[in-house]
Amino acid sequence: MLPFIPLIVLLAAMLPPLAERYDGRNAGAWTTALVTALALAALLFLSPAVFSGGVQRAGWEWLPELGLNLSFRLDGLALLFGLLITGIGLLVILYARYYLSEHDNLGRFYSLLLLFMGAMLGIVLADNLLLLLMFWELTSLGSFLLIGYWHPRADARRGARLALTVTAGGGLALLGGFLLLGHIVGSFELSAVLAAGETVKQHPGYLATLLLILLGVFTKSAQFPLHFWLPQAMAAPTPVSAYLHSATMVKAGVFLLARLFPVLADTDPWFFLVGGVGLLTLLFAAYAALFQHDIKGLLAYSTISHLGLITLLFGLGTPLTAVAGVFHIINHAIFKASLFMAAGIIDHETGCRDMRQLNGLFKFMPQTAVLAILAAAAMAGVPLLNGFLSKEMFFAQTIHSAALGGAGVLLPVLATVAGVFSVAYSARFIHDVFFNGEPINLPRIPHEPPRYLRVPVEILVVVCLLVGIVPAYTVGPMLAVAAVSVVGGPLPPYSLAIWHGFNLPLLMSALALAGGACMYGQRQWLFRLRDRYPLPVGKILFGRSQRAVISATRQITGWLENGSLQCYLAWLLGTAVLAGGWGLASGGKLTGEVPLQPLDGLSLLLALLLAVAALLTVFWQRQRLTALIVLGVVGLVVVLAFVRFSAPDLALTQLTVEVVTTILLLLALRFLPAEAMVESALSRRLRDAGLAIMVGLGVAILAWGVLTRAPHTALVDYLLATSLPGGGGANVVNVILVDFRGFDTLGETTVLAIAALGIVALLAGGLPTPTAPPVAARDADRHPLLLRMGVRPILAVTLLLAAYVFLRGHNLPGGGFVAGLVTALGLVTQYLAGDFRWTAEKLGFDHQRLIAVGLLLIALTGLMSTAFDHPFLTSTFAHLHFPLTGEFEIASAMIFDLGVYLIVVGVVMLILLELGQSETAEGAWNC
Amino acid sequence: MDQRLILPILLPFIAGIVLLLTNGMARQRRLSITAVAALLPLAAALLAMTGDGYHAYVLGNWPAPFGIVLVLDRLSALMLGLTALVALPALLYAVAAGTDAQGRYFHPLFQFQLMGLNGAFLTGDLFNLFVFFEILLIASYSLLLHGGGRERIRAGLHYVILNLVGSALFLIAIGTLYGMTGALNLADLAVRIAAAPAADAGLLRTGALLLLVVFGLKAAMLPLYFWLPAAYTCTSAPVAALFALLTKVGVYSIIRVFSLAFGPTAGVAANVAMPWLLPLALATLLAGGFGVLASWDSRRLIAYSVIVSIGTLLAGIGLGSTSGLSAALVYLVHTTLITAGMFLLADLIAMQRGHSDSRPSSPVAQPLILGTLFFVGAVAMAGMPPLSGFLGKVLLLRAAEETVALPWIWSVVLGSSLLIMVAWGRMGSSLFWNTLDTPVTGIPVHARLLLPAVALLAAGPLLMVLARPLTHFAAETAQQIFAPAAYIETVLANRSLVPATGTSP
């Protein structure tokens, strides 16, 4: 049953909006209350075993490898918190039903409330640190949504974001701390962790663990200097404040202090960190609370101060202080919930929360006033109310604390000072609001609230009184079992009586009450003092630093992603140079064992030509046409190099590719100005030149290294040996392309096809108007008759040539790719010589279809073999004998090659037509 | 020889061709959706096959290492499954939103893109990987520009030029490695690199590091990610969702190539990328975190989250341990699905608000459903519990426990988590809370548009529920990757089995 308590509450978060849609606002509230009551009942049902001293554990494995399990435990501490969460939760549900107006989306509110409640229950019931953390962060998320509930208000949005940033950020630190803790212990199960206190405290990682966990605790429990999110969270609807800042959210932090008390406490770092921060928070917030004009602001700072008190108690680190800490957790939850609700009633019925306007409300709402006065008295530590008891215990413990040695006297003094402030702000809350003259400029005439808005407050105040008067019969047993699980052993003797005789703690209480009353009397003087020396406001500092961080991230991001392609390329090439340079410098030998060949004149000439042409391309880069022509020289030299080193296939391919790309580039150039402007500063051009030289050198070095080594011939030998017998072709290059590595060719032809489609799609949106004047403007005779007539017969010749190149491909230099380019060239010539449209009409076939058919041929060739249960693309060939031609070879690879041929023709023609058509298109380009 | 191995490549290839020959949008849509939907059961079947080790598919029946092989293992099956899981919702969204009708050839290009992705995940050959990179690049470039517009063309230009330079580097690296070893087949390459003499160390390492640069460019690693934010921000939503896979190809290639050919047993080139990977990963993570916080536009925020995810993934890989890698794989599944879902969701929100940046606008028409989805997605992306991002993050933090890099990894991962959380909190508050006092102008979207986003974002809670099988699978995958001997054996086993003159009837 135990694991279902938080899980069902979480899941039930979906219900209220549905219930509300089904049966109105009350249905949503009833559903929520029912779920909460069920959880409460389940806890009560399980409680007898806890009271008899047992710890219940239940759950399932989730991710044991990670250490994350859905395991839950119910011990005294968990039960206490569970009862507070569900009990006060029920009252908040009732309160909210009458507090929120018709315009507020009640379903959303209850849904978020259940989400938050489930997460809180998860925190206190979890028996696994990682599971606890998950619920912990879930409360941060839930509080974000709850605080931002009135999201049209800017302060609600800000408050929500602030709370999320601080508390969820603390959660990240907590995650780190838990991971360390789990690592030290070797398990994330609380049961194991709680038993490993000594191991943890002696581990070298203890301090880091403690710091990270405390960061999580202090953010959540709003400890100085991370407290500033809490006052901002007052932008939430008051039921939310009443819930989050009494029994839940902020109590999660001190809950964790209590939970991990046996593991982490009782060391010097713990004493100074937890105790020090607690004391500082207690004093600072009590002082700050006095000067709040907003009643919820006063309560917020008072909450921080009381959390500081609890933290300090745990920080003192003795079993007795732990008992006092647990006791104050209970008392504070009860009186603070009632105070927030009372403040909400005042806000609700007057439309105002400013104590400079709210005066003399006693006569308008006497019943509420009595309730609020009693609750505030509990907060101040007035006898017969619950706050008095735990405060007495606190005072007593400060006296007995021996850890500070000679400075020990400071602690009770400072505790009394904090008590004085606490009484003073409580007095201000009572006196300013309910007495102190007449209300000033209130938006509404104050009156008593609806009956059910006050009922929760009544119940809570009665509990305050009961606990305050007969503690041993009310809270005693609960406190005892809860404290046992905190201390982790038998409890020291303590007494829950109101009267302990005349002693030092009583004197401190009396001093605090008298001093507080005095201080409130002299408040004008204090207010002037504060105005002269204002404290730095955390939220402003935080806001400023957050803005600074965001603007810094914008600067860094803008500097990195600056929109300049040149910069991006410089980063890329620079990285490549660095990576390559590091690799080369890291060891090994650069030059291999193969001796260099003697340098011959022809090679030298070719190399020189290549270098000069490359340099001239750079030199003339701004005259685009000239640069293109010189670039053509580079391509042609490469062709010659292929010829020189006996690679006729490559030479043939390179030659045709060179011609086709030049034509396409010429067509594209028409859309650019003939001359490019100088756009980069000299420094950048020098940088780029340097990079270019480095990259060029790098590639040269790699080539040198590879070429001076003896080639690995295993692969090549196999291909040479198998090409004819296995692939049916004497031309190894072609067999590699269409057979050995036909899959690559399939891919690359697909790339070609996609490129053509992409260009068509890109240009479908309308082509730019050519910037170069149309050819017609320059030449009167655009398509000379002689050229037109002369070119037509050439088509037949080129087609024949293409067929020849294609057919011999498998055995001699040639093949589908080259044949395709040759065909395309023949067709291109027709377009160039004639009018584009005219030629297109005459030739008129669908290039897109041509490409698709080509691809299909390739796919089908490959698929044929799968029919015989051979892998895709397995080839076959046969030798046929015809009477006239003699032996003729048919290979499946030729169909493959035919596909390549069709695709190449289709792609080139498609791109060409797209670019060429623009001559007549009427697209406009807004550059 | 299981013919199913080729299908993830062949199916979209043939679908793409047939789509080119199909007229009419309605028929194209039916065909395209059917083809993509078929990838899901196919991927499931292949995933089921990986239980008993590696499977090789010898294309053209040429024995390895002489021909090209496809290799199926857990990692490639995982990537195939992920591809199918992202592609289907993205396509359905494109159809529902009419994105596919905003330009020509959307469906063929989409199929070719899938062909490229699946091919890259299956191939066991370095040059063939290059070929599939090219298919990916050119198809993604065309898809990126789909629908047109100035911003797209500008971002697309940066994308394509940088990646073409990357292709050139890839070729140089392949050329170097081939020249040094005579191998293109990855298994063969691994064997030969392991046996390489010390004199070859420098050149081999250079080839390896150039590959790292190339894959890093694809994966969007610092300082090579600059093409990504603009490209992902300005392209259409379904394409951006599909692109959630694109960077993962780079990550996949790093895992594959650097574990197989440059892993711990690679002789003189052993672990050559490791000293670089972790620092670069953390720097990427940080830069991505800064970018996330600096983003004022919801789509840009998601784009920068992609960079964050890459940093996280590479950090896991850079740990060089099975636990690190398996954390990265768990995170990979999460981040791919959630990112894709968020791109779709951001589009829906932008549709109703009128724009995607964080300026106030009129409220969305469906605050409950869109707000809830956004919350789920944001929590998952920020790596907060109880959703899937948390799982990967904690696994990564735990994997770093035993390493010297612990303080670095923990502080960068946790610190950037804070930045990301703040950024998402601000963005959510801007998109849904800080609304103008004007009436709702957007119209509620049809369930057809909503469902793809819901399906993808459902990964947030679902992966947590399935955390155990998922981490198991990731751990097994990581173990498989760290024991490449079986891979090499499976691939090269064909050498002796098939006669050298093996031609078919």
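Which residue of chain B does the side chain of A:Arg709 meet in a salt bridge? In this predicted model, in which local features need pLDDT of at least 70, side-chain atom pairs count only at pLDDT 80 or more and totals for chains, interfaces and linings use all residues, the partner is B:Asp200, with N and O 2.7 Å apart. Residues are numbered from 1 along each chain as its sequence is written, chains are lettered from A and ligands numbered from 1 in the order in which they are written, and side-chain values use heavy atoms, with hydrogens and water left out.

A salt bridge is taken here as a side-chain nitrogen of Lys or Arg within 4 Å of a carboxyl oxygen of Asp or Glu, and five of them are counted between chain A and chain B. Between the two chains there are also 28 residue pairs in polar contact, both residues being at pLDDT 80 or more; such a contact is a pair of N or O atoms within 3.5 Å, where within protein one must be able to donate a hydrogen and the other to accept it, and residues adjacent in sequence count only if both atoms are side-chain atoms. The largest share of the side of chain A that touches chain B, 14 residues, is supplied by helix H33 (residues 742-763) of chain A, helices (H or I, at least four residues) and strands (E, at least two) being DSSP runs numbered from the N terminus.

Over all chains, the count comes to 29 salt bridges. In one of them A:Asp75 is paired with A:Arg259, the closest N and O atoms being 2.7 Å apart. Because A:Asp75 lies in the loop between strand E2 (68-74) and helix H3 (76-99) of chain A, and A:Arg259 in helix H12 (residues 249-259) of chain A, the pair ties together parts that are 184 residues apart in sequence. Both A:Asp75 and A:Arg259 are buried, where buried means under 20% relative accessible area, exposed over 50% and partly exposed in between (1.4 Å probe, protein chains only).

A further salt bridge joins the side chains of A:Arg353 and A:Asp294 (2.8 Å, N to O), and A:Asp294 is partly exposed, with a relative accessible area of 24%. The side chains of A:Glu448 and A:Arg454 likewise meet in a salt bridge (2.9 Å, N to O), in which A:Arg454 is buried, its relative accessible area being 8%. Finally, salt bridges that share partners join A:Arg73, A:Asp75, A:Asp127 and A:Arg259 into one network.
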